[in-house]
Amino acid sequence: MTGMPPDVLLPLPEESVNGDSSRNQIIEGENLQVLSVLSESLDGQVKLVYIDPPYNTGKAFTYKDDIGQGWVEMMRPRLQAAHALLREDGAIVIHIDEHEMPRLSLLLDEIFGPENRLGTIIWDKLNPKGDATGIATQHESILCCAKHRPTFIKRHPLVRTKENAGRMLDVASRLVADHGSDTEGSNAAFRKWIRSQPHLSGGEAAYSRIDEDGRVFQAVSMAWPNKRTPPQDYFQPLKHPLTGKNCPVPARGWRNPPETMKRLLDEGRVVFGPTERTQPRRKYFLHENQTESIPSVLRDGGHDDALLASLGTPFDHAKPLSVARKLIRWFTREPKDIVVDFFAGSGTTAHATLLENQERDSSLRFILVQSAEPVIARSLAAQAGFETVVQVTRARVRAALAALNRDHPATGPQDRGFQASRFIGRK
C-alpha cells in the first residue's frame, strides 16, 4: 500500500477515500516513529516538508501546547529525519511564533547549516495579540531552509506570479478601449485605479503607465549599475524624438552597449520626457514580467473558522488555507512533487495541496502524520464530537474532497483521495 513493510501500518479503508488507487496518505501515529519508517522508502525524495509544530506557548487550544524545556530535544530528531527525507533541491518551511523562534533558528542552523537558509517570512496577521503585557505581537515567523541551497536555487528560483497582473492588464485594456487614442486619458484613469487598489504589491503597483500601443509598463533607469567605468561607447547620447536634441547621459554611462540601446529604441522600449532635458528610461512591460521575488513579509489576517465549521471540522487556531496554499505554490514545482507534514493538525496542508492540484491540474502528493492525541474537553473539536486530533484531520480532508468533487470535477491527473492507516510498529 505505501512501500512500507506490511506489518508497520494497519490500513483503515473505512477512513480512506479512493484508498486503493490514491498515493496520498494520512498516517495515524507518533510522528518520530512514523518518520523512521518513512525514511526506508522516501529518503531523498521529498520536495517540501511543511510543518506547523507546537509553539510551546504553555496554553491549551485543541490540544495541549506545553512541552516546556524539552521542546528542543523533541524537535531535533524530527528535523534530522526531515533533512534526510528531502531531495537535494528540497526545502523545509516551518511556522513558529515568538516563543520558540530563536531556538528553532539555531536548530535549523545546526541541522541544515546556515549556508542553506532561504530566509524568514514575517507573516503579518494584521491583528496584535490582545493579552500582551509588553509589545503586542501581531506576526508569526515562517522559517525556510533548503537541503542544499545552490541546487535548490538552480532548479527552483524563488519567485511568485504577480497575483493581480491579469486583472491589471484587463483593466488597462478596458480603459484603452474606452479612451481610444487619448493615451493621457487612459493613463489618468489607470493611475486613479491603481491608487484605489490597496492589495497590489509594490512590484505590481509600479506598473502604473500605459503606452501608445496599450501596453502596461513601468519606467526604469538605464544607468550603469556600479562604480566600474564602462567602455566609452556606453556614453553615446540618445536624441529626443521630437526636438532632435541630445538627452542627458547618466553620469556613469548607460547600462547597455550601443547595439542594445538601438534595439530598445526600435522596439519602443525607451521612454522619453516631454523635452530633451529629461533622461530617458527603459520600459518594462507587465505582460513580459508577471513574476516577482517572494517578499519577506506576507500580510494575511484571514482565518478559516467559517470554512471549518461548514466542513464539520471546527479547530482552534488552524493555519489559514490561504497562507498554506501560497507556501506550497512557492516551494513546489514539478507535477508529482511530494509534500510531507508530520504535525498535521487540522489537515490544512492536505486541503491546500488538493486545491493547488485543482488549480494547476497537477498531481502533488501529500503525506500527513498525526497522532491520536486527545482533544481538549472544551475545544471546538470536542464540542463537535471528535475525541482525537487525527479524527479531525481525516474528517476535514474527506469533507474537502467531497466539496472539491462537487464544485470542480477532476479533468486531469489529480489524485482525489487518500490512504488512511495507523502505525502499529513491527511485530
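1. Strand 17 (residues 365-370) is largely enclosed by the rest of the structure, because six of its six residues are buried; buried here denotes under 20% relative accessible area, with exposed over 50% and partly exposed in between (1.4 Å probe, protein chains only). Arg365, Ile367 and Val369 point one way from the strand, while Phe366, Leu368 and Gln370 point the other way, and all are buried. Strands (E, at least two residues) and helices (H or I, at least four) are DSSP runs numbered from the N terminus.

2. The model is a predicted one: local features need pLDDT of at least 70 and side-chain atom pairs count only at pLDDT 80 or more, whereas totals for chains, interfaces and linings use all residues. Residues are numbered from 1 along each chain as its sequence is written, and side-chain values use heavy atoms, with hydrogens and water left out.

3. Strand 17 has parallel pairings with strand 2 (residues 25-28), through four bridges, and with strand 16 (residues 338-341), also through four bridges. Pairing requires that DSSP find at least two bridges between two strands. In strand 17, Leu368 stands opposite Ile26, and Ile367 stands opposite Val340.

4. Strand 16, helix 11 (residues 348-360) and strand 17 form a right-handed β-α-β unit. Right-handed means that, with the strands pointing away from the viewer, the path from the first strand over the helix to the second runs clockwise.

5. Helix 10 (residues 321-331) is likewise largely enclosed by the rest of the structure, since nine of its 11 residues are buried.

6. Helix 10 packs against helix 11 at an angle of about 60 degrees, with the axes 9 Å apart. Helix 10 is therefore oblique to helix 11, oblique being what remains after under 35 degrees (roughly parallel), over 145 (roughly antiparallel) and 65 to 115 (roughly perpendicular). Axes are lines fitted to C-alpha atoms, for helices over the stretch in contact, and angles run from 0 to 180 degrees between N-to-C directions.

7. From helix 10, Leu321, Ala324, Arg325, Ile328 and Arg329 meet residues of helix 11 including His351, Ala352, Leu355 and Glu359, contact being heavy atoms within 4.5 Å.

8. For the protein chain as a whole, there are 13 helices and 18 strands, and buried residues make up 50% of the 427 residues. Of the contacts with a separation of 6 or more, 75% are between residues 24 or more positions apart.
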